[in-house]
Amino acid sequence: MAKNKFSGKLGELIARAENGNAEDVDYIISHLTEESSLAMTRYVDFALSLVENEMGVLRLEYYLFNGTLIQRNYCCLFFNRRLDYDLVDRAFNAGAIDEIQAFSR
């Protein structure tokens with residue numbers, strides 16, 4: 001995994017995101033639960049923004065349609081930031097995300 005200047009859980013999530021394979025994305029996404037602290041959701045959001053590996057991006061697409069509500073919402077943020085609006089529209093039309101999430105830019 002790549003070296004970064006962060007330690008602890010944030011550093012671990014960043015290293016996983018920089019590697020960015022499907023298993024790493026699974027690990028990062030697993031930290032998004034109804035019990036997640038605000039800090040953890042921010043760590044995950046930041047880490048996800050670093051995923052560039054095609055396999056990791058495809059895994060995030062899977063979670064956009066199949067994850068829990070919180071997982072789908074953070075995946076939507078990821079794809080909105082990448083300007084992947086067609087994918088977000090598909091998720092909205094499939095009922096995976098709501099209108100507010102889909103059109104938050």
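Select phenylalanine 78 and show what surrounds it. Leaving aside residues up to four places away in sequence, phenylalanine 78 touches Leu48, Ser49, Val51, Val57 and Leu60; contact here means heavy atoms within 4.5 Å. Phenylalanine 78 sits in helix H5. Its relative accessible area is 4%, so phenylalanine 78 is buried. The terms are set as follows: buried is under 20% relative accessible area, exposed is over 50%, and partly exposed lies in between, with a 1.4 Å probe and protein chains only.

A note on what is on screen. This is a predicted model, in which local features need pLDDT of at least 70 and side-chain atom pairs count only at pLDDT 80 or more, while totals for chains, interfaces and linings use all residues. Residues are numbered from 1 along each chain as its sequence is written, and side-chain values use heavy atoms, with hydrogens and water left out.

Next, select aspartate 45 and arginine 81. These two form a salt bridge, with 2.7 Å between the closest N and O atoms. Aspartate 45 belongs to helix H3 (residues 38–48) and arginine 81 to helix H5 (residues 69–81), so the pair ties together parts that are 36 residues apart in sequence. A salt bridge is counted when a side-chain nitrogen of Lys or Arg is within 4 Å of a carboxyl oxygen of Asp or Glu. Are the two partners buried or exposed? Aspartate 45 is buried at 13% relative accessible area, whereas arginine 81 is partly exposed at 48%.

Move to lysine 9 and glutamate 12. They also form a salt bridge, and their closest N and O atoms are 3.0 Å apart. Both are in helix H1 (residues 8–19), and because they are three residues apart, about one helical turn separates them. Lysine 9 is partly exposed, at 29% relative accessibility. Glutamate 12 is partly exposed too, with a relative accessible area of 30%.

Then select arginine 82 and aspartate 84. Their side chains meet in a salt bridge at 3.0 Å, N to O. Arginine 82 has 38% relative accessibility and counts as partly exposed; aspartate 84, at 24%, is also partly exposed. How many salt bridges are there by this rule? The count comes to six.

Now clear the selection and colour by secondary structure. The protein has seven helices and zero strands, and from the N terminus on its elements run α-α-α-α-α-α-α. Helices (H or I, at least four residues) and strands (E, at least two) are DSSP runs, numbered from the N terminus.

Zoom out to the whole protein. Along the principal axes, the C-alpha atoms fill a box of roughly 40 × 30 × 20 Å. The radius of gyration is 13 Å, which agrees with the value near 13 Å for a compact globule of 105 residues; it is taken over C-alpha atoms, and the globule rule is 2.2 Å times the number of residues to the power 0.38. Of the 105 residues, 43% are buried. Among contacts with a separation of 6 or more, 51% come from residues 24 or more positions apart.

Last, show the surface. The accessible surface is about 6000 Å², and 52% of it belongs to carbon and sulfur atoms; such areas come from the Shrake-Rupley method with a 1.4 Å probe.
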